[in-house]
Amino acid sequence: MQENSDSARFAYVGKSVLRVEAIEKLTGLAMYVSDMSLPGMLYAQVKKSPHARARIKHIDISRAAALVGVRAVLTGAELNYRLGLYIVDKDILAKGEVRHYGEAVAAVAADTLEIARKAVDLIDVEYEVLDPVLNHMDALKEGAPLVHPDLGTYDYVEAAFTPVPGTNIANLSKLRKGDVQKGFDESTWIIEREYDNPSVQHVPMETHVAIVQWGKNDNVTIWSSAQSPFTVRNLFCYAFKLPLNKVRVLVPHVGGGFGGKAGIHIEPLVACLSKKAGGRPVKLQASREEEFSLLPCRSALTYKIKTGVSAEGKILAQQMWMYWDAGAYADYAVNVTRASGYSAAGPYEIPNAWIDAYTVYTNKPYGTAYRGFGHVEFHWGVERHMDLIARAIGMDPLEFRLKNALRPGSVSLTGERITDNTGDVLTCISEVAKAINYGKLTEEEKERERRTGRKIGKGIAALHKAPAMPSNTATAAVIKMNSDGTVNVNVGLMEIGQGSTTAITQIVAERLGFRLDQIKVTLEKDTDRDPYDWQTVASKGLILTGNACVLACEDLLKKGYEVAAQALCAHPEDLTHDADRIYVIHRPSEMISWARLSIGYTYPDGKSIGGPLIGVGQYIAHGLSNLDKETGQGNPALDWTYGAHGIIAEVDGVTGEYKVLKVASAFDVGKVINPGMVRGQAVGGMIQGLGTAICEGYVFDKQGHLLNPSFTDNKIPTTMDLPEEIETIVVETPQLDGPYGVRGVGEHSMISVAPALGNAIQAAVGADLTHMPMRFEDVWRAMRNKEPVDNWITKTPAGSCRSDPTTRRHEPDAAIAP
Amino acid sequence: MLHQFSYVAPKSREELLDLLSTDYAHAKILAGGTDLLVNIRNGTVKPGMVIDIKKIKEFSGITYSKGEGLVLRPAVTINDVLRDPTVRDYFPLLQECGHDLASYQIRNRATVIGNVVNASPCSDMAPALLCLDSQVVLASSRGTRTVPLKEFFIGVKKTVLAPDEIVERIIVPTQAKGAIGKYRKLKRINGHDLGIIGVAVAVVNGHVRIAVSSAAPTPVVTEGLPMDIQVDEAVEITMNMISPISDVRCTKEYREFMVNTFVRRLLAEVRG
Amino acid sequence: MKIRLTVNSQVYERDVAENRTLLRFIREDVGLTGTKEGCGAGECGACTVYMNGKTVNSCMVLAVEADGAAIETIEGEAVDGMLSKLQEAFDRNHAVQCGFCTPGMLISAKELIHNHPKPTVEQIKEGLEGNLCRCTGYQQIIEAVLDTTGQLTRKEGLEYAGK
């Protein structure tokens with residue numbers, strides 16, 4: 001699918017074309033589901049659990065139902081539909097038992113928001129509070145309370161996942177490559193440590209919102225702030241046992257997703273309210289507080305890594321244990337586990353690898369997809385570990401990385417051979433090292449240290465990620481020509497701010513040879529109108545939908561040429577075209593305008609040929625396979641995007657306060673379609689990564705109440721938190737099956753920001769952190785070797801933010817067991 | 001979506017005090033609303049009546065005179081203070097603290113007196129006002145009284161304000177004019193955040209004063225300390241007046257350490 | 001309670017409940033949905049509008065307080081279909097992604113430029129501190145403001161390795 005050639009000859013590819021929907025967004029006219037209301041629409045509110053785990057003894061809805069203006073009240077008892085992406089484990093409203101703080105137990109639809117709120121307050125729920133299991137490591141212990149005692153009865157996707165009934169293990173993914181014991185035996189160094197991160201919230205600026213109308217004959221219409229309209233339709237129909245053609249999902253502009261809107265969330269509840277209210281449309285918008293616990297978050301992770309290294313600094317073996325905290329429901333967390341399991345070592349060659357990756361149920365808000373899909377979390381461990389190893393064996397961390405990074409000829413964890421066109425992590429690492437003058441302080445920096453009394457440190461971290469998607473991930477594009485020669489492009493890929501619509505417009509214009517203003521890619525999605533697309537996730541949109549569009553363009557041109565050849569009495573091979581017409585190459589005056597061909601060509605005598613020009617392109621990921629359940633071997637990766645960050649940080653050696661002075665990032669994007677937008681993804685993701693690194697994370701008390709479900713105590717970066725300098729570098733090693741050579745880059749910018757910062761902080765003041773975020777207090781504690789604070793319930797009893805490394809020289813009998 | 005209440009906007013001080021003399025039990029004063037409306041939304045405050053005082057003409061404006069000192073009235077916002085040339089020239093510590101309060105839009109609405117009356121332990125304006133020995137003028141239909149700000153706070157979000165009283169003015173005395181001071185606030189990010197701790201140190205009238213927020217049930221301040229006080233002694237006096245706790249923002253231990261450190265650093269800065 | 005005010009110079013007279021916020025009044029009673037709600041608690045700035053020439057978080061203002069006020073929202077920024085210079089600069093500099101924070105961000109940026117016709121980067125950061133954006137990482141927004149005030153030193157924001 002590659003159209004690789006010199007950039008200069010492209011009209012639109014590689015150019016900073018302006019965002020196609022910018023003007024509606026800049027003028028306030030862009031319509032989001034939050035902004036919509038329908039005639040007769042009711043407003044929903046949810047009654048939420050104040051407990052992490054409790055038996056629902058009784059729910060009294062009588063006072064709520066009696067309130068004037070209340071049109072529907074629902075509890076779990078009357079809803080026998082279960083949901084789940086990969087493991088069908090979630091009721092629409094809690095039945096029998098609540099499994100996390102903030103879980104929905106009842107819901108109301110009323111004439112106004114005020115009445116709905118009042119009605120929810122009037123619902124009385126009697127609970128028997130049970131001991132929750134809050135820490136995922138505790139949940140693995142013998143005798144831990146079971147979050148899902150009925151796990152063995154749930155439906156799940158057997159090809160990819162392995163739940164363990166009778167435990168809290170929602171999934172165990174394994175990977176075995178080579179002989180890890182042999183690798184350790186041959187190693188001079190064995191270095192082992194554990195790394196942690198807490199749950200984190202996505203924080204899209206538009207909270208989750210849906211309007212649903214359960215119409216006559218079970219025709220359901222859903223307007224939702226969803227990333228993946230076809231997934232909403234699919235899972236909705238599965239839960240309610242409806243044919244797919246009865247349910248229509250419409251998605252207008254979406255105010256940010258970041259993975260949090262990838263699955264199905266509030267839509268089924270709103271649908272049930274609409275049905276109960278006699279088919280009136282019902283709207284539910286999560287409050288910011290609800291966004292933190294009614295809606296899902298990113299899973300916490302405890303990651304233990306044991307690495308064997310040769311005397312020369314080559315990694316010979318690595319054993320990895322991942323414990324992912326799913327929270328109360330499996331949702332995407334099991335797939336995060338699977339996807340992280342097969343990339344768990346970062347962009348390095350590990351000849352002998354052994355991974356057990358667990359997804360563990362706990363009584364906490366549940367985890368879902370989040371930009372990076374596990375890679376932000378485990379790269380924290382991997383890239384802190386790389387620095388640890390380098391220090392332990394007396395090698396420079398940059399040199400150690402370059403020595404072990406994947407390169408052509410390397411074999412990945414799952415057995416894939418890296419080629420010249422897989423992407424170039426070595427250049428990414430070298431470029432960021434150069435951009436921050438890695439390994440030394442400049443005269444200016446030394447002067448700054450003297451002036452401020454603070455210490456400057458530099459750190460680097462590399463990253464990789466492939467789309468986490470089924471082997472049969474597919475999409476399609478339909479390009480319809482209008483009678484004036486303009487075209488409408490229908491694709492299922494969502495615009496959630498990432499700029500795909502503009503990039504697709506550029507690709508279509510380039511491939512058709514049309515002007516940009518002739519192309520309109522539909523922005524709002526409609527499952528009744530647009531062709532199937534799996535999901536808008538995984539940084540795969542531009543490759544798959546881009547390829548489908550290239551094929552659709554070719555189909556459209558071919559059909560146009562056929563009619564034109566007939567009309568012009570020429571061979572199709574002798575024809576060429578521009579934006580306005582098709583003509584005979586050697587006699588340009590013999591031409592037909594696209595407008596005259598668009599809906600069929602009519603001869604002067606009225607006879608007609610052809611018909612409306614419609615180009616269709618289908619594309620499915622090629623060559624991917626399911627992974628062997630015992631060894632994890634197979635081919636899961638559509639493409640690998642490599643990258644690296646280099647960070648300069650300035651740290652107060654007394655207080656632990658710090659400032660990020662510079663971030664340099666490099667990504668091998670294959671081919672830049674739109675520089676302005678690539679930079680937007682690179683910088684936006686990097687700042688989101690800094691948020692994760694510096695300050696974000698859920699804080700619970702010992703009963704499992706979420707203590708910081710708002711911007712007051714869950715801070716996210718502001719303008720003031722930008723580094724003083726940001727540099728974004730792209731490497732262009734073409735992806736041979738990507739349109740124009742592209743590969744995805746939407747998530748990658750967020751990955752490995754935290755460890756690069758951790759490495760910089762350690763270089764500056766020696767603070768050796770194994771837990772993120774790195775709050776100032778954490779840095780202070782680490783500098784002074786104080787007992788860390790555990791606000792995150794990653795371990796019990798208190799104390800988690802430190803893991804002392806084990807470093808030892810060759811011990812042939814070193815056991816594999818943890 | 002807010003709890004239901006009635007709204008009145010008296011046009012004069014007398015009208016306001018009259019209203020409070022009969023209706024105070026369920027009334028809340030609305031000035032900038034940046035705390036009140038958050039609290040109503042959270043359901044922590046459920047007033048029957050909200051009294052908007054911004055339509056009262058004499059409640060606006062910052063004035064300064066030798067006799068009266070700097071007078072801050074109930075509708076004076078943080079941004080009013082940040083723009084005021086008199087404050088800039090003579091009471092710069094107020095601007096330094098004000099500048100660290102929330103975001104620009106909030107500063108457009110939030111009032112100095114509101115920030116004080118809420119008596120939050122993490123008030124940003126209190127450390128400066130305490131250092132500058134400010135006085136609070138309370139008014140009710142029963143008359144007015146003046147209380148030193150130091151005695152105004154009595155507990156977490158508790159003050160000496162009677163239910164029918166309002167704070168009509170905060171007065172920064174003329175003696176504090178030209179005071180040199182510095183404020184340091186520990187935050188979780190560089191952007192707007194509540195103070196995890198705040199320390200102000202000022203040289204006022206030949207004495208050093210140290211005020212601390214977020215480290216005790218109320219913002220606290222030392223007596224005027226001698227200019228040449230030993231650093232360790234100043235730190236000890238400060239540490240004796242605070243009683244920090246651990247919460248989601250920070251531990252007691254780090255709060256204590258940071259107060260200690262900020263006091264040392266700020267003392268060095270203000271003493272030159 | 002009856003209130004009378006102007007929104008983007010149009011007069012509106014409405015009966016509103018005392019507990020209605022200015023934000024909901026603008027969005028639901030006037031029907032201008034460009035002003036967004038991101039948190040409802042004055043923390044995110046998505047609801048920023050001008051009230052009597054000052055920017056406020058409209059979720060933290062009662063509609064009744066705005067009786068007699070002049071309100072300006074994002075819908076008043078483009079005149080006769082022509083984008084303002086600021087809007088054009090946001091477009092040109094890729095300062096928009098999902099767009100949900102954009103209306104509030106533009107209002108704050110307008111106020112910032114009003115206060116500082118030639119702002120420093122530090123002043124821009126302070127002026128926009130109250131407007132959270134989760135997509136852009138702010139950098140291109142800051143560049144858009146600098147571009148508006150004629151201070152952007154043009155350079156390719158993306159560096160190509162090996163070129």
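**Where chain C meets chain A**

In this predicted model, 47 residues of chain C are in contact with 55 residues of chain A. Helix 2 (85-92), helix 3, helix 5 (139-148) and strand 6 (158-160) of chain C are the elements that give two or more residues to the side of chain C that touches chain A. Helix 2 of chain C supplies the largest share of that side, four residues. Sorted by class, the side of chain C that touches chain A holds 22 nonpolar, 15 polar and ten charged residues.

**Strand pairing across and within chains**

- Strand 6 of chain C pairs with strand 31 (residues 725-731) of chain A in the parallel sense, over three bridges.
- Within this pairing, C:Glu159 in strand 6 of chain C stands opposite A:Ile729.
- Strand 31 of chain A also runs parallel to strand 30 (residues 658-668) of chain A, and seven bridges join these two strands.
- A:Ile729 takes part here as well, as the bridge partner of A:Ala666.
- Strand 31 of chain A is mostly covered, with six of its seven residues buried.

**The fold of chain C**

- Chain C contains five helices and six strands.
- Along the sequence, these elements of chain C follow the pattern β-β-α-β-β-β-α-α-α-α-β.
- Chain C is as compact as a globular protein of its length, because its radius of gyration of 17 Å is close to the 15 Å that the globule rule gives for 163 residues.
- Taken along the principal axes, the C-alpha atoms of chain C fill a box of roughly 65 × 30 × 25 Å.
- Buried residues account for 62% of the 163 residues of chain C.
- Among the contacts in chain C with a separation of 6 or more, 58% are between residues 24 or more positions apart.

**Helix 3 of chain C**

- Helix 3 of chain C covers residues 102-115, and at 1.5 Å a residue its 14 residues should span 20 Å; the end C-alpha atoms are 20 Å apart, which agrees.
- This helix is largely enclosed by the rest of the structure, because eleven of its 14 residues are buried.
- The buried residues in helix 3 of chain C include C:Thr102, C:Pro103, C:Gly104, C:Met105 and C:Leu106.
- Also buried in helix 3 of chain C are C:Ile107, C:Ser108, C:Ala109, C:Lys110, C:Glu111 and C:Leu112.

**The contact between chains B and C**

- Chain B gives 20 residues and chain C gives 23 residues to the contact between them.
- On the side of chain B that touches chain C, the elements giving two or more residues are strand 1 (6-8), helix 2 (36-42) and helix 6 (104-109) of chain B.
- Helix 6 of chain B gives the most to this side, with five residues.
- By class, the side of chain B that touches chain C has seven nonpolar, ten polar and three charged residues.

**The fold of chain B**

- Chain B has eleven helices and 15 strands.
- A compact globule of 272 residues would have a radius of gyration near 19 Å, and the 18 Å of chain B agrees with this.
- The C-alpha trace of chain B spans about 55 × 45 × 30 Å along its principal axes.
- Of the 272 residues in chain B, 54% are buried.
- Residues 24 or more positions apart make up 61% of the contacts in chain B with a separation of 6 or more.

**Domains of chain B**

- Chain B is divided into domain 1 (6-52), domain 2 (60-175) and domain 3 (182-271).
- The C-alpha centres of domain 2 and domain 3 of chain B lie 19 Å apart.
- Domain 2 of chain B brings 23 residues to its contact with domain 3 of chain B, which brings 22 residues.
- Helix 5 (92-99), helix 8 (125-131) and strand 8 (153-155) of chain B give two or more residues to the side of domain 2 that touches domain 3.
- Helix 8 of chain B contributes the largest share of that side, five residues.
- The side of domain 2 of chain B that touches domain 3 of chain B has 14 nonpolar, four polar and five charged residues.

**Domains of chain A**

- Chain A is divided into domain 1 (7-30 + 473-620), domain 2 (38-132 + 208-285) and domain 3 (308-414 + 421-468 + 634-809).
- Taken over C-alpha atoms, the centres of domain 1 and domain 2 of chain A are separated by 39 Å.
- In chain A, 16 residues of domain 1 are in contact with 17 residues of domain 2.
- The side of domain 1 of chain A that touches domain 2 of chain A comprises six nonpolar, five polar and five charged residues.

How values were computed
Residues numbered from 1 in each chain as written. Chains lettered and ligands numbered in written order. Predicted model: local features only at pLDDT ≥ 70, side-chain atom pairs only at ≥ 80, totals over all residues. Expected span 1.5 Å × (residues − 1). Buried ≥ 20, exposed ≤ 12 C-beta atoms within 10 Å, placed from the backbone. Rg over C-alpha atoms; globule rule 2.2 N^0.38 Å. Contact = placed C-beta atoms within 7 Å. Nonpolar A, V, L, I, M, F, W, Y, C, P; charged D, E, K, R; others polar. Pairing = 2+ DSSP bridges. Domains from an automatic or database assignment.
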